[in-house]
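Subject: A structure for you to look at

Hello,

Here is the structure I promised to pass on to you. Have a look at it first, and then read my notes below.

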Amino acid sequence: MYLDLVISVILGFVIVAAVMPFAIPELHKLKFGQQVRDDGPESHLKKQGTPTMGGLVFVLAIIIVSVFFVGRYPKIIPVLLLTVGFAIVGFIDDYLKVVKHQSEGFNPKQKFACQFVFTLIFGIYLYISPDYENLMRVPFTDFYLDLGWFYVPALLFIVLGTDNGANFTDGIDGLASSVTSVIAMFIAFVSMFNGDGELVPIAGAVCGSLFGFLVYNSHPAKIFMGDTGSLALGGFVAAAAFEMEIPLFIPFFALIYLVEVLSVIIQVTYFKATHGKRIFRMAPIHHHFELGGWSETKVVTVFTIITILLCLIAGLGM
């Protein structure tokens with residue numbers, strides 16, 4: 001099983017690292033350039049036109065590696081399908097941004113509806129499948145929570161929250177890639193040592209492909225993952241957590257996702273309630289630190305270190 005983890009990480013890395021030098025010029029030719037938010041940090045304006053939708057490459061790598069292992073690890077399939085489903089939603093969103101040269105893409109209701117449908121299908125499958133017990137382990141205890149019929153609504157809430165958290169985390173060079181690569185390796189080790197090992201290859205593929213992507217996505221980024229990549233990553237993390245019965249651990253190992261999405265909710269709510277006042281300099285919260293003087297590299301480093309430490313804490317709670 002350890003060998004499969006090593007192989008999946010290496011394969012994911014090699015595929016992305018090898019394909020990306022060809023993908024970046026092609027995305028340039030297709031004019032798939034990033035549309036930078038007008039109200040974002042001024043330093044980001046120079047990123048206008050940097051190729052986006054790079055998530056297509058690492059999602060492709062994840063699919064290839066997963067298919068290679070799926071015969072011996074069939075429980076990869078539901079996680080892979082939700083990952084790809086969210087990647088499709090992200091791709092459509094990115095495509096609309098590129099074609100219309102707007103930063104909005106899907107309107108929020110359309111985007112949420114598509115995410116909801118894929119998540120509902122995933123939740124119903126887990127609920128009716130005899131291969132899953134639909135339990136949630138309570139952190140730092142040996143107790144498992146059985147929600148009965150409320151399992152699917154809880155899954156919808158947690159998966160959609162996690163996925164949008166991953167989406168908001170993708171705002172500066174290398175942030176979502178770095179944070180999620182750590183989470184993916186954590187999932188691989190939990191699957192290996194606390195589960196049946198079924199998710200080791202896909203977790204390894206995610207980690208390795210993100211390592212390959214970081215070669216080109218770290219600051220200064222030559223390519224961005226777009227919603228194609230960030231939504232796929234959020235889908236993977238949430239789906240894997242539910243298959244391993246550890247969704248209640250998400251606030252630990254994926255705290256950055258949670259903080260990012262909460263910062264947006266808090267900012268918008270407070271802004272509307274106070275008719276224009278703000279709590280943060282800008283949301284999501286990584287921009288708050290940027291406007292406070294932190295470099296993009298420092299934000300990525302600090303957030304990644306926090307994720308590593310929280311993954312270690314989560315491991316203690318298993």
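A salt bridge is a side-chain nitrogen of Lys or Arg within 4 Å of a carboxyl oxygen of Asp or Glu. With that in mind, this structure holds five salt bridges. Please remember that the model is a predicted one. As background, side chains of opposite charge can pair when their charged atoms come close.

Let me start with the pair D196 and K75, whose side chains meet in a salt bridge at 3.3 Å, N to O. This pair links distant parts of the chain, 121 residues apart: D196 sits in the loop between helix 6 (175-194) and helix 7 (200-217), while K75 sits in the loop between helix 2 and helix 3 (76-100). How buried or exposed are the two partners? D196 has a relative accessibility of 47%, so it counts as partly exposed. K75 is partly exposed too, because its relative accessible area is 22% and buried means under 20%.

Next come D227 and K111, with side chains that meet in a salt bridge at 3.0 Å, N to O. Here again distant parts of the chain are linked, since D227 belongs to helix 8 and K111 to helix 4 (residues 108-128), 116 residues apart. Both D227 and K111 are buried.

Another salt bridge joins R137 and D142, and their closest N and O atoms are 3.4 Å apart. R137 has a relative accessible area of 12%, so it is buried, whereas D142, at 70%, is exposed. Some salt bridges also share partners, and in this way D93, K111 and D227 are joined into one network.

Now for the helices. Two packed helices are described by the angle between their axes and the distance between the axes. How do helix 2 and helix 8 cross? The axes of helix 2 (residues 55-69) and helix 8 (residues 226-243) come within 7 Å and cross at roughly 40°. The two helices are therefore oblique to each other, and their crossing is left-handed.

Which residues make the nonpolar patch of about 480 Å²? They are L258, L262, I265, I266, Y270 and I279. One of them, Y270, lies in helix 10 (residues 255-273). With a relative accessibility of 32%, Y270 counts as partly exposed.

Enjoy exploring it, and write back with any questions.

Best wishes

Methods
Residues are numbered from 1 along each chain as its sequence is written. This is a predicted model: local features need pLDDT of at least 70, side-chain atom pairs count only at pLDDT 80 or more; totals for chains, interfaces and linings use all residues. Side-chain values use heavy atoms; hydrogens and water are left out. Patches are made of residues with over 30% relative accessible area and no salt bridge: like charges are joined within 9 Å, nonpolar side chains (Val, Leu, Ile, Met, Phe, Trp, Tyr) within 5 Å. Accessible areas come from the Shrake-Rupley method with a 1.4 Å probe; for residues, only the protein chains shown count as cover. Helices (H or I, at least four residues) and strands (E, at least two) are DSSP runs, numbered from the N terminus. Buried means under 20% relative accessible area, exposed over 50%, partly exposed in between (1.4 Å probe, protein chains only). Axes are lines fitted to C-alpha atoms, for helices over the stretch in contact, and angles run from 0 to 180 degrees between N-to-C directions. Angles under 35 degrees count as roughly parallel, over 145 as roughly antiparallel, 65 to 115 as roughly perpendicular and the rest as oblique. A crossing is left-handed if the near helix is turned anticlockwise from the far one by less than a right angle, and right-handed if clockwise.
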